[in-house]
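The sequence and the structure are shown first.

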Amino acid sequence: MRILVTGGAGFMGSNFIRYILEKYEDYEVVNLDKLTYAGNPENLRDVEQNPRYGFMRGDIADAKCVGDVARGVDAIINYAAETHVDRSIMEARDFAVTDVIGTLTLLEAVEKYKIPRMVQISTDEVFGSIEKGEFTEESPFLPNSPYSASKAGGDMLCRAFIRTYGTPVIVTHSVNFYGPNQYPEKVIPLFVTNLLEGKKVPLYGKGLNQREWIYTEDHCRAVDLILHKGALGEVYNIGTGEGITNIELTRLILHELGKDERSIEYVKDRPGHDLRYSINSDRLRHLGWKPKTTFERGITKTIQWYKDNPAWWKRLKSKKFQEYYTRQYIER
Ligand code: NAD
Ligand code: DAU
């Protein structure tokens, strides 16, 4: 099987490429990535020499470039996106272009080059916030940030292509990923690396917002199953049921790193901050998937990875990174 993975130089895309190359000895993977600030070729140094792996720098919103790599593949897995909610609040346009027009460009390529299947990697954030209970795959989209609205736009185009042209697409909505190689702008790597640097952690509002977490490997197994066994035209939620508030998460990280609450700095809340996400993933579980890594185990492994790989994250937390965050706090 020859797979086109888009956004493969990012956090989850790189974990997925490594997983596929290790699991299937005869599979080939082409990685199409624009290499934005979030795309890091270092994430795949260990597979660069693998003859079954190829990389092309390019934009999923560029039809010619997509055509060059998509022609002849057996499947496309679309991980490419602008992904950080805080950035989307400052610069919404990049999100709309990549997450909507980029997805549209891939759908057109699936049609034009008769690609047998595409898996759209999307988020639980498209459903908006839920105080109690959980969203199902049939819940309406009520996105609250430019990021989630852009992802919802891409997902709706998938739905429209399925209904209108019978395009062979499967859409996934996942809870928050965590694990090795996550860019240190997202809460877990940001908090862990801040504490390793002896800094405080900026907790938004009162820290009462709740997220559900999935470890990298469990998400890779879910996408692998959906790629091979998922029904075309179907939607699958990917969740663990492991919901935790941000203050609980922060306390867990503080404890693991031998710190106390004096390391918390309560800062101004994120505008439009969703209180709680929670999804029902029975459909995927009936297909034969369940998570293997508990949050307790996964967070310990993740913290250890950041402890063991300071060179990886220190470069990303450079002056430019700091300037970005300073600007963000001043603007809020
Ligand atoms: P990331 O931000 O770490 O990486 C995104 C990658 O996409 C980068 O390598 C970047 O260079 C590339 N990219 C961005 N724009 C591109 C373009 N126009 N053309 C080609 N490549 C481009 O992302 P992530 O956190 O690993 O998320 C991967 C996917 O999973 C995204 O679609 C995201 O919406 C979705 N998702 C993420 C989470 C999460 O918790 N991180 C949860 C659910 C769903
Ligand atoms: O739910 C899936 C989504 O999870 C993905 O679709 C997104 O791509 C991904 O970025 C993530 O979005 P979140 O907004 O949930 O992730 P983030 O790590 O930015 O924030 C997690 C929670 O932590 C959120 O409630 C905001 C809070 N937070 C975040 C940062 C960066 C803080 O309190 N302080 C911070 O500095």
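## Conventions

A polar contact is a pair of N or O atoms within 3.5 Å; within protein, one must be able to donate a hydrogen and the other to accept it, and residues adjacent in sequence count only if both atoms are side-chain atoms. This is a predicted model, in which local features need pLDDT of at least 70 and side-chain atom pairs count only at pLDDT 80 or more, while totals for chains, interfaces and linings use all residues. Residues are numbered from 1 along each chain as its sequence is written, chains are lettered from A and ligands numbered from 1 in the order in which they are written, and side-chain values use heavy atoms, with hydrogens and water left out.

## Surroundings of ligand 2

A residue counts as near a molecule or strand if one of its heavy atoms lies within 4 Å of it. By that criterion 24 residues surround ligand 2, and the closest are Asp124, Tyr147, Asn176, Arg270 and His273. Oxygen atoms of ligand 2 take part in several polar contacts: one lies 2.6 Å from a polar side-chain atom of Arg270, one lies 2.8 Å from a polar side-chain atom of Asn246, and one lies 2.8 Å from a polar backbone atom of Val187. Taken alone, ligand 2 exposes 680 Å², of which the protein buries 95%; accessible areas come from the Shrake-Rupley method with a 1.4 Å probe, and for residues only the protein chains shown count as cover.

Helix 3 (85-90), helix 6 (187-196) and strand 8 (201-204) are the elements that give two or more residues to the shell around ligand 2. Helices (H or I, at least four residues) and strands (E, at least two) are DSSP runs, numbered from the N terminus. The shell around ligand 2 divides by class into nine nonpolar, eight polar and seven charged residues. Here Ala, Val, Leu, Ile, Met, Phe, Trp, Tyr, Cys and Pro count as nonpolar, Asp, Glu, Lys and Arg as charged, and the others, Gly among them, as polar.

## Surroundings of ligand 1

Ligand 1 is surrounded by 28 residues, the closest being Met12, Asp33, Thr83, Tyr147 and Lys151. An N or O atom in the side chain of Asp33 is 2.6 Å from an oxygen atom of ligand 1. Polar backbone atoms also approach oxygen atoms of ligand 1, at 2.9 Å for Gly10 and at 3.0 Å for Phe11. On its own ligand 1 has 840 Å² of accessible area, and the protein covers 97% of it.

Two or more residues of this shell come from each of helix 1 (11-23), strand 5 (117-123), helix 5 (146-165) and strand 7 (176-178). Strand 5 gives the most, with three residues. The class counts for the shell around ligand 1 are 13 nonpolar, eleven polar and four charged residues.

An open sheet of seven strands has the order 3-2-1-4-5-6-10, with parallel pairing; two strands pair if DSSP finds at least two bridges between them. Strand 3 (53-57) and strand 10 (235-238) stand at the edges with a single partner strand each, so one side of each has no neighbour in the sheet. From one strand to the next the twist averages 20 degrees. Axes are lines fitted to C-alpha atoms, for helices over the stretch in contact, and angles run from 0 to 180 degrees between N-to-C directions.

Four bridges join strand 6 (residues 169-174) and strand 10 in the parallel sense, and His173 stands opposite Asn237 in strand 10. Helix 2 (residues 63-70) packs on this sheet, touching strand 1 (2-6), strand 2 (28-33), strand 3 and strand 4 (75-78), and its direction makes about 170 degrees with that of strand 2. Contact means heavy atoms within 4.5 Å.

Strand 9 (residues 210-215) and strand 11 run antiparallel and are joined by three bridges; Arg211 stands opposite Ile244 in strand 11.
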